[in-house]
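Me: Could you walk me through a few of the labels used for this structure? I would like to see how each one is reached.

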Amino acid sequence: MSQIHVTTTVNGDEVEFLCDPRETMLDVLRDRLGLTGAKEGCGTGDCGACSVTLDGRLVCSCLMLGAEAEGREIGTVEGIATDEDLHPLQKKFIEYAALQCGICTPGILVATKNLLEKNPDPTETEVRYWLAGNLCRCTGYDKIIRAVMDTAAEMRGAS
Amino acid sequence: MAFDETKTEGFKVVGTRPNRPDGIDKVTGRARFGADATAPGMLHGVIVRSPHAHARILKIDTSEAEAMKGVHAVVTRADFATGLTGENWNILENVMAGETALYDGHAVVAIAATSSLAARDAAKAIVVDYEVLPHVTDVDKAMAEGAPVIREGAADKSVPAGLHPNVVRYHESGHGDVETGFAEADLVIEDSFRTEATHQGYIEPHACLAQLGNDGRGEIWCCTQGHWNVQKVCAALLGIETSKLRVTASEIGGGFGGKTAVFIEPVALALSLKANRPVKIVMTRSECFRATGPTSSTSMDVKIGMKKDGTITAAKGVFRLQGGAFPGAPMEFTAMCAFAPYNLANVSQIGFDVMSNRPKQAAYRAPGSPMAAFAVESVIDELCEQLGLDRIETRLKNASKEGTKASFGPTWDRIGLVECLEAAKAHPHYTAPLKPGQGRGISCGFWFNHGGETAVQMALSEDGTVQLSVGTPDIGGSRASMAQMAAEELGIPYENVRTTIADTATLGYNEISHGSRVTYASGLATIEAARDTIRKLCKRAAAKWGIDEEAVSWVDGCAVPSGPNAGDFDPLPIARIAKSMGRTGGPIVGHYEATPEGAGVSFATHIVDAEVDPETGSTRVVRYTVVQDAGKAIHPTYVEGQYQGGAAQGIGWALNEEYIYGADGRLQNAGFLDYRIPVASDLPMIDTVIVEVPNPGHPYGVRGVGETSICPPLAAIANAVSAAAGVRLHELPMSPPRILAALEKQAAG
Ligand code: FES
Ligand code: FES
């Protein structure tokens, strides 16, 4: 089957790739672009481990085709830290032990960063519902929610 | 201090909460998990699985698939070792079916191609002819007369005569005379309970990358709880020498017991051998549900007699567990854990291991124990209810303590159940007012914990920092706790220890990370390796000073002269000794190898408030408190995390999660949409209380903490539901339809 040529932007860098028309964005990121931060927990849109942003909108990259990235902007966990430093969410996740195994962490970080950009002052319930599509089997979510709430408070204080 | 004492105070690093060393890797996407590895020339493997619960494999036609573009290898059972016996045979039979497919999802043939799309396309072109056989998936039906036999002759000698051939192992334990005990009781309650199978639900599916050459040398990269076990099992299944395989454990995205088993690694090796190229296999989520180990489902009868003052006079339990199409359901653990929290004069427990047409069960966090607690603690709750007794006082009255005889035989060493119950009683949660429609439940839980074969190595760098190599994969922060124990013992900063998970070629055998053994056993070995290092450091100092080795002690990261030489020389810091070690005798490396047997058991008490919606039957957990004995919490934040994670998994098991089989024996909910694990919006914060009753078997008093936390929730929630809605559920999960049915039955009188 002939491959499709795609030009897109990933974490601010322009990239080009060839992909099979059936290939998901998640497979493209992981297998063609070497960005294995996004994880496949289910491949069916149920776990959120593959979360990325598409033009600023949170999507499951396992439900998106690689070909759909043409001309768009993709954001992954690899783009969250700046060149010099970790994002405040990343620091708080480490400090709060908001990860045990860490497989859900990339998706949860992408999702919560996206939340805080839209809503810098979420309630606990808002965080819980925003993250309802990101499964974590290890933590019981307690420390994740606390880390997000504390980051939000800190970022509000700083801005 | 002496090297054989339990240290209980004066800690500098242990008990603090430093950032984990692998934190940055895991928040930036840099950490490499099972599916994140690639190799030059790598192929992708796909496994074709049986769509039938029980079927004879008549013919496998791969000709069309093999002719497809990009396809390089196909393997069936014929490509694995023959003549295996015992558990190796069971594992091989599970990894790749022989003559018969034994459950929906059983592997039948595998194919490798240049891309995963090509492999999937080719897999669809493989034609397997089956003769469908009668099947059974229910535990009670599987042991009833007339049930289809899964495999003749699978039973071992423990099974009494006259039972169905699907009953493959039998357990009996206890002491005293239960009939006399029941006669002494003022109230005897006997009830039957059932729990459905649940899956560990780790978010990372099984994944591996394997290479095997025809010289028999191979490499495996995989997500596993035990890479030495992968090495041993793969060598046996491929018929090669163990040392020719080197296995590296990737970062692991959750396991909870489910990654103690081997599924895809031998298949990837066999494909690689045929194709002479590396092969990667990554399971899909539905493969994880259909073909990797769920828990056993159970059917249980529990009978308990109690006096009016709350004294339990006798207890009896019968526990039937189906473990899928192979022996191994952990029914002896269910039986042994059932009454472990209580000091009983008369107790009897019986277990049955039953085969059925389901996937081979695998360990899941305290395997077998949560179900037992569900049945036993429900009956105790009912007895307290009917006799008007306080739930915690009654449990305290009967609690196991140091010196009492355990229900399964041994005499308890120092244990912390009373301390947990007292802490629960004192917790504000226990007496907080409830809103209408809410109910409160409590439950105790027990797990043995484990030691196991362990080898650790500690190499000193020339600047005085330390490289610690352990053999137990870091599943939730153990690099941090190992570094803390090493730093504590050596008297150096936490940051000066780097912990690495070594591969199988680097250390001696390390048993799987199971049984909550890592902080206990690898921790103990780390402390002992540090002590070995210190002895070597002291020796160098003694030689430099020209004094006796015995006259040197180790204080705060320095060698100091002691005894008659005290004060004669300035303390010699670790960095100074390290700097000159090349000239004073060569590299300094401490190590320790043992099978520690002093893993202290652990108890917990959970308090939960639940709210039942009488309209929909849905239950919401509104408040949750975990109280558990950790012995000594090395990194309290990660201990809390274990408590919270176990509670959350228990909540899922109690309320939602279950394997649903159709009449055709096929699994109907093999995905996270239909097998619903708790999501963030389902749960409240989970409060934790760390009780510390030191384990005499560990230098710092550590007890394993990972598993006990899943034992009490099923019962605690059932008891809360009973208090909230006035109906007692005897079957898990307590899903809305079941609760509604119970409410309707109650309304009908
Ligand atoms: S992998 Fe995309 S949602 Fe699970
Ligand atoms: S930390 Fe393991 S799944 Fe979230």
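This is a predicted model: local features need pLDDT of at least 70, side-chain atom pairs count only at pLDDT 80 or more; totals for chains, interfaces and linings use all residues.

Me: Why are helix 18 and helix 19 of chain B called oblique to each other?

Reply: Their axes (lines fitted to C-alpha atoms over the stretch in contact, with angles from 0 to 180 degrees between N-to-C directions) cross at roughly 55 degrees. Under 35 degrees counts as roughly parallel, over 145 as roughly antiparallel, 65 to 115 as roughly perpendicular and the rest as oblique, so this pair is oblique.

Me: What makes Val247(B) buried?

Reply: Buried means under 20% relative accessible area, exposed over 50%, and partly exposed in between, with a 1.4 Å probe and protein chains only. Val247(B) has 0%, so it is buried. This residue lies in strand 11 (residues 245-249) of chain B.

Me: How do you know that strand 16 and strand 24 of chain B pair?

Reply: Two strands pair if DSSP finds at least two bridges between them. Here ten bridges join the two strands, which run antiparallel.

Me: And why is strand 16 of chain B said to stand at an edge?

Reply: In the open sheet with the order 16-24-25-26, strand 16 of chain B has a single partner strand, so one side is left without a neighbour in the sheet.

Methods. Residues are numbered from 1 along each chain as its sequence is written. Chains are lettered from A and ligands numbered from 1 in the order in which they are written. Side-chain values use heavy atoms; hydrogens and water are left out. Helices (H or I, at least four residues) and strands (E, at least two) are DSSP runs, numbered from the N terminus.
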